[in-house]
Amino acid sequence: MQHWDPKQYAEHARFVSDLGVPVLQLLAPQAGETVLDVGCGDGALTTKLIELGCTVVGVDASTEMVAAAKSLGVNALSMDAEALAFESTFDAVFSNAALHWVKNPERAVAAVWRALKPGGRFVGELGGYGNLATIITAIYTALAARGVTASNPWYFPRPEEYRKLLEAQGFLIKHLALNPRPTRLPGSLNGWLDMFAQPYTAAMAINERPGFVADVVELVRPTLQEADGNWIADYVRLRFWASKPSEFAVSQVPRE
Ligand code: BEZ
């Protein structure tokens with residue numbers, strides 16, 4: 001459903017890793033720490049962890065992105081966030097703009113828990129409640145006009161919902177907040193939609209896709225295009241800092 005092209009990503013979504021730098025700062029990585037980057041993408045942010053002296057493993061569900069990350073020198077593996085193959089391995093798990101793609105968030109949180117050493121921390125950011133609401137509403141309007149139905153492929157939780165999920169796993173939460181972050185796109189909204197709306201465009205024939213994208217663009221133009229022609233995407237982020245208590249006995253670790 002979603003194909004990741006590192007070249008297209010660099011052109012239309014470089015801001016994703018650039019705007020992930022404050023999340024990295026919240027992680028406060030220390031030299032010598034072992035860190036797992038879940039959804040490392042093309043590795044642009046992962047390399048910053050390496051530069052800080054961390055021993056890093058990056059995982060991503062896209063083999064194309066894993067290859068791009070490897071080309072930057074990242075120890076990257078093709079792996080689903082819900083099936084992380086690590087047990088008590090990392091001092092920290094970091095994730096930027098990836099966890100809203102998971103199908104089963106409970107499984108992903110459980111997998112992160114298992115990957116962390118006792119006392120380890122889980123710091124990240126994902127799309128939160130209301131993320132891209134204007135664009136998604138337009139997508140559904142354009143789909144309905146074509147008689148096409150499609151389920152929402154993304155998970156944008158409310159803060160209370162994600163807090164409950166993390167706490168049910170046993171995490172202690174130090175910070176969790178929803179932050180509206182309107183974001184100026186580096187290029188056209190068409191380019192952004194060509195890349196990110198694939199879970200929807202995949203539901204129609206190839207020759208219908210440009211017309212669909214053009215309709216979505218016109219629907220949101222009055223709200224999301226600035227007078228200078230730039231596009232602002234209505235991103236909302238959910239950022240969190242959580243830890244796995246060090247006193248948690250191994251026998252108490254919840255199993256799937
Ligand atoms: C995001 O919030 O980063 C995002 C979510 C779905 C599609 C594109 C971007």
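1. Ligand shell. In this predicted model, the ligand is surrounded by His-100, Trp-101, Asn-131, Leu-132, Trp-154, Phe-156, Trp-192, Phe-196, Tyr-235 and Arg-237. Sorted by class, this shell holds 7 nonpolar, 2 polar and 1 charged residues.

2. For Asn-131, a polar side-chain atom is 2.7 Å from an oxygen atom of the ligand. For Arg-237, the distance from a polar side-chain atom to an oxygen atom of the ligand is 2.6 Å.

3. Burial. The ligand exposes 260 Å² when taken alone, and the protein buries 98% of that area.

4. Location and contributing elements. The ligand sits in the largest pocket. Helix 8 (189–196) and strand 7 (232–243) are the elements that give two or more residues to the shell around the ligand.

5. The largest pocket contains about 950 Å³ of space. It is lined by 50 residues, of which Trp-4, Ala-97, Ala-98, His-100 and Trp-101 are the closest to its centre. His-100 and Trp-101 also belong to the set of residues that surround the ligand.

6. Origin of the lining. Two or more lining residues each come from helix 1 (6–18), strand 1 (34–38), strand 2 (55–60), strand 4 (90–96), helix 8 and strand 7. Helix 1 supplies the largest share, 4 residues. Helix 8 and strand 7 also give two or more residues to the ligand shell.

7. By class, the residues lining the largest pocket comprise 27 nonpolar, 13 polar and 10 charged. For the shell around the ligand, the corresponding counts are 7 nonpolar, 2 polar and 1 charged.

Terms used. Residues are numbered from 1 along each chain as its sequence is written. This is a predicted model: local features need pLDDT of at least 70, side-chain atom pairs count only at pLDDT 80 or more; totals for chains, interfaces and linings use all residues. Side-chain values use heavy atoms; hydrogens and water are left out. A residue is near a molecule or strand if one of its heavy atoms lies within 4 Å of it. A polar contact is a pair of N or O atoms within 3.5 Å; within protein, one must be able to donate a hydrogen and the other to accept it, and residues adjacent in sequence count only if both atoms are side-chain atoms. Accessible areas come from the Shrake-Rupley method with a 1.4 Å probe; for residues, only the protein chains shown count as cover. On a 1 Å grid over the protein atoms alone, a cavity is a set of points where a 1.4 Å probe fits but cannot get out, and a pocket is an open set with protein on both sides within 12 Å along at least five of seven lines; lining residues have an atom within 4 Å of a point. A molecule sits in a cavity or pocket if more than half of its atoms lie within 2 Å of its grid points. Ala, Val, Leu, Ile, Met, Phe, Trp, Tyr, Cys and Pro count as nonpolar, Asp, Glu, Lys and Arg as charged, and the others, Gly among them, as polar. Grid points are joined across faces, edges and corners, and a volume is the space filled by probe spheres set on the points.
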